[in-house]
Amino acid sequence: ATFASAVAALGLALVYPLDSAWAYAAVIAGLMLAGVWASTRLERSYGHDPSAAVIDEVLGMALALAWAPITPATLVLGFVLFRIFDILKLWPGRRLERLPRGWGVMADDACAGVYAALVLQGLLRVWPEPRLEPWQVAPAAAAAVLLVAFRKPLLRRYGKKRCDLRAGLGGEPSRPPGGAKSEIQ
């Protein structure tokens, strides 16, 4: 989710800023509808809120960054705020997560994106031109390197089960009857 959010932020930097509120609304509505459809299909194979569904993170970032000036600082602030609210699942995020099919997958991240957008817009009112200085980037880069270096133990301890394309709902690769290994392993 974190990696997908970071990639989404960079991708949205290319698309945003848009010329009108209707353009932002069209992007967000398109992401929501495509995300509900895709997430519903993924849930049929992998269960509720599968890690293979990352369009919800794209929607959340699109909401967090909508109507904000796109600068390196706002991209970082929007990303950090969205990830915080996505993890915290403030009301009604946890409740929205229980909606059926792909609606639940998309709605909780949309809620986190709205919270992030509100805080980001508030920050921009008191800090109109946020900047990232080199001394601020160095600790963030060091933290990113540490997260990448220790991602496997962190995922083992804190991450939810990953979707294995060879697996069914149980998370283990399926084996043919008799215990023999399948061809795709």
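A crossing of two helices is left-handed if the near helix is turned anticlockwise from the far one by less than a right angle, and right-handed if clockwise. Keep that in mind for the second stop.

**Before you start**

This is a predicted model: local features need pLDDT of at least 70, side-chain atom pairs count only at pLDDT 80 or more, and totals for chains, interfaces and linings use all residues. Residues are numbered from 1 along each chain as its sequence is written, and side-chain values use heavy atoms, with hydrogens and water left out.

**Stop 1: the whole protein**

Show everything as a cartoon. You will find eight helices and zero strands. The pattern along the sequence reads α-α-α-α-α-α-α-α. Helices (H or I, at least four residues) and strands (E, at least two) are DSSP runs, numbered from the N terminus.

Now colour by burial. Of the 185 residues, 35% are buried. Buried means under 20% relative accessible area, exposed over 50%, and partly exposed in between (1.4 Å probe, protein chains only).

Next, think about contacts, meaning heavy atoms within 4.5 Å. Among the contacts with a separation of 6 or more, 69% join residues 24 or more positions apart.

**Stop 2: helix 2 and helix 6**

Select residues 21-46, helix 2, and residues 101-126, helix 6. Their axes come within 7 Å and cross at roughly 125°. Axes are lines fitted to C-alpha atoms, for helices over the stretch in contact, and angles run from 0 to 180 degrees between N-to-C directions. Helix 2 and helix 6 are therefore oblique to each other. The scale is this: under 35 degrees is roughly parallel, over 145 roughly antiparallel, 65 to 115 roughly perpendicular, and the rest oblique. The crossing of helix 2 and helix 6 is right-handed.

Show the side chains at the contact. Helix 2 brings Leu31, Met32, Gly35, Val36, Ser39, Thr40 and Glu43. Helix 6 brings Arg101, Gly102, Trp103, Val105, Met106 and Ala107. Between helix 2 and helix 6, seven contact residues are nonpolar, four polar and two charged. Here Ala, Val, Leu, Ile, Met, Phe, Trp, Tyr, Cys and Pro count as nonpolar, Asp, Glu, Lys and Arg as charged, and the others, Gly among them, as polar.

**Stop 3: Cys111**

Stay in helix 6 and pick Cys111. Cys111 counts as buried, at 10% relative accessibility. Leaving out residues up to four places away in sequence, Cys111 touches Leu90, Trp91, Pro92, Gly93 and Leu96. Also mark Leu63. Cys111 and Leu63 are 48 residues apart in sequence, yet 8.9 Å apart in space, C-alpha to C-alpha.

**Stop 4: the loop between helix 4 and helix 5**

Two of the residues touching Cys111 are Trp91 and Pro92. Zoom in on the peptide bond from Trp91 to Pro92: this bond is cis, with omega near 5°. Pro92 sits in the loop between helix 4 and helix 5 (93-96).

Lys89 is in the loop between helix 4 and helix 5 as well. Phi of Lys89 is near 50°, a positive value in a residue other than glycine. Is Lys89 buried or exposed? At 15% relative accessibility, Lys89 counts as buried.

**Stop 5: helix 3**

Select residues 55-65. Nine of the 11 residues of helix 3 are buried, so this helix is largely enclosed by the rest of the structure. Among the buried ones are Asp56, Glu57, Leu59 and Gly60.

Just after helix 3, find Trp67. Phi of Trp67 is near 65°, a positive value in a residue other than glycine. Trp67 lies in the loop between helix 3 and helix 4. With a relative accessible area of 47%, Trp67 is partly exposed.

**Stop 6: helix 3 against helix 4**

The crossing of helix 3 and helix 4 is right-handed.

Glu57, Gly60, Met61, Ala64 and Leu65 in helix 3 meet a set in helix 4 that includes Thr74, Leu75 and Gly78.

**Stop 7: Thr74**

Finish at Thr74 in helix 4. Thr74 is buried, with a relative accessible area of 0%. What does Thr74 contact, leaving aside neighbours within four places in sequence? The list is Leu65, Pro69, Leu120, Leu124 and Pro130.

Show the polar atoms. The Thr74 side chain has a polar atom 2.5 Å from the backbone oxygen of Pro69. The side chain of Thr74 also reaches the backbone nitrogen of Thr71, at 2.8 Å. Last, compare positions: Thr74 and Leu124 are 50 residues apart in sequence and 8.8 Å apart in space, C-alpha to C-alpha.

Methods
Polar contact = N/O pair within 3.5 Å; in protein donor to acceptor, adjacent residues only side chain to side chain.
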